[in-house]
Structures are given as C-alpha cells and as structure tokens.
Amino acid sequence: MISCLVPGSFDPPTKGHLDVVERCAGIFDRVIIAVVANPAKQSLFTDDERKELLRDCASQWDNVEIDSFSGLLVDFAATKGADVIVKGMRAMTDFEYEIQMSQMNRHLSGIVTMFVATKPEYGYLSSSLVKQVAGLGGGIDSLVPEPVALALKEKFADDS
Ligand code: PNS
C-alpha cells in the first residue's frame with residue numbers, strides 16, 4: 001500500500017490542483033490532501049472551508065482523503081504514514097522554490113518528493129490570480145471546480 005501526501009494552501013482549490021490529485025488517485029493506493037493551517041498567512045477561506053471545498057471536489061475518488069495540519073509537513077507525513085510528497089509543477093518559475101522545499105524535507109526526514117507536471121492549459125493558474133480575478137468580477141468558472149466558483153461568488157458578494 002503506497003500512499004502520497006499532496007500538501008498546499010488550497011485557498012481556494014483550482015482545476016490545476018484537482019488535476020494533480022486525479023493523477024495521484026490513479027497511481028497511489030491512498031492519497032491524502034493536506035491543507036496547511038497557516039495562521040500567519042491571511043487566507044480568504046478558513047481551514048474548514050478549504051477542507052469542505054476539497055471534500056466536495058474530490059468525492060469521486062474513493063482513495064482520496066482530506067486533512068489539515070500545522071507545523072512541519074514532514075512530521076505530518078510521518079503521522080499519516082505517507083511514503084511520498086507530491087507537488088504540482090507549472091513552470092520554471094515554480095522550480096526553484098519547489099526544489100528547495102523538497103531538498104529541505106529530504107534533509108529533515110528523508111522523505112521523497114515527486115513532481116507532477118500540470119496540464120498545459122492550467123499552467124498559468126494560481127489560487128492568488130483566481131482570487132484577484134473573482135474579486136474584480138472576472139469569469140472564473142473555467143478555472144475552478146463548480147463548488148469553488150460558487151463559494152467565491154458568495155464570498156465576494158458578502159464583501160460588497
Ligand atoms: O500551496 P503552497 O503554498 O505551495 O503550499 C506550501 C506548503 C504548505 C507545502 C509549504 O508551505 C509547507 O510545507 N508548509 C509547512 C511548514 C513546513 O514544513 N515548512 C518547511 C518546508 S521546507
């Protein structure tokens with residue numbers, strides 16, 4: 001039984017994130033999506049909201065579960081018995097930061113990080129840009145799963 005951990009902020013989850021999860025669900029026996037609870041970082045959605053959105057978006061895969069963590073990712077991976085960390089890689093701009101984190105995590109615990117190249121059509125997608133576009137009234141329906149599009153519209157309607 002090989003399991004992987006897919007960590008991230010997921011504020012909010014995008015179609016790029018779900019593409020990575022789908023690939024992992026087809027390769028690994030067990031996939032744990034790990035939402036970072038980061039009190040220092042101002043997030044649009046609370047930890048619980050991000051987990052709930054991921055549950056809605058990943059319900060079609062029996063081997064995918066959602067959890068959240070604070071503290072070191074490698075400690076959480078050990079707690080969950082995860083064999084591998086998986087991150088999506090969009091472009092060279094992601095490379096330097098991702099390779100640095102993967103090497104630090106390897107140094108800390110020896111855990112392996114694997115990278116999944118995102119679909120080219122999602123190469124420009126990021127949660128930050130999605131939030132910016134949604135906040136300014138732009139169309140985001142093709143960029144995020146339906147439950148996320150609805151949640152974004154509600155969030156920004158509340159703010160206005
Ligand atoms: O979605 P993101 O912002 O790319 O996710 C980054 C994340 C959550 C994977 C990273 O910030 C992380 O691992 N945070 C936990 C704290 C930690 O372990 N830091 C040392 C990493 S080298």
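Helices (H or I, at least four residues) and strands (E, at least two) are DSSP runs, numbered from the N terminus. With that scheme, Leu 136 is found in the loop between α5 (127-135) and α6 (146-159).

This is a predicted model, where local features need pLDDT of at least 70, side-chain atom pairs count only at pLDDT 80 or more, and totals for chains, interfaces and linings use all residues. Residues are numbered from 1 along each chain as its sequence is written, and side-chain values use heavy atoms, with hydrogens and water left out.

**The ligand site**

The ligand sits in the largest pocket. A pocket here is an open set of points on a 1 Å grid over the protein atoms alone, with protein on both sides within 12 Å along at least five of seven lines. To sit in a pocket, a molecule must have more than half of its atoms within 2 Å of the pocket's grid points.

There are 13 residues around the ligand, and Gly 8, Ser 9, Leu 72, Leu 73 and Lys 87 come nearest. A residue counts as near if one of its heavy atoms lies within 4 Å. By class, this shell has 7 nonpolar, 4 polar and 2 charged residues. The elements β1 (3-8) and α4 (92-109) each supply at least two shell residues. The largest share, 3 residues, comes from α4.

| Residue | Part of the residue | Distance to a ligand oxygen atom |
|---|---|---|
| Ser 9 | backbone | 2.9 Å |
| Leu 73 | backbone | 2.8 Å |
| Lys 87 | side chain | 3.2 Å |

The protein covers 73% of the 540 Å² of accessible area that the ligand has on its own. Such areas come from the Shrake-Rupley method with a 1.4 Å probe.

**The loop between β1 and α1**

Phe 10 is in this loop. Its phi is near 50°, a positive value in a residue other than glycine. Phe 10 counts as buried because its relative accessibility is 3%, and buried means under 20% (exposed is over 50%, partly exposed in between; 1.4 Å probe, protein chains only). Pro 12 lies in the loop between β1 and α1 too. The peptide bond from Asp 11 to Pro 12 is cis, with omega near 5°.

**Buried or exposed?**

Val 21 belongs to helix α1 (residues 15-27). Val 21 is buried, because its relative accessible area is 1%. Leu 136 is exposed, because its relative accessible area is 72%.

How values were computed
A polar contact is a pair of N or O atoms within 3.5 Å; within protein, one must be able to donate a hydrogen and the other to accept it, and residues adjacent in sequence count only if both atoms are side-chain atoms. On a 1 Å grid over the protein atoms alone, a cavity is a set of points where a 1.4 Å probe fits but cannot get out, and a pocket is an open set with protein on both sides within 12 Å along at least five of seven lines; lining residues have an atom within 4 Å of a point. Ala, Val, Leu, Ile, Met, Phe, Trp, Tyr, Cys and Pro count as nonpolar, Asp, Glu, Lys and Arg as charged, and the others, Gly among them, as polar.
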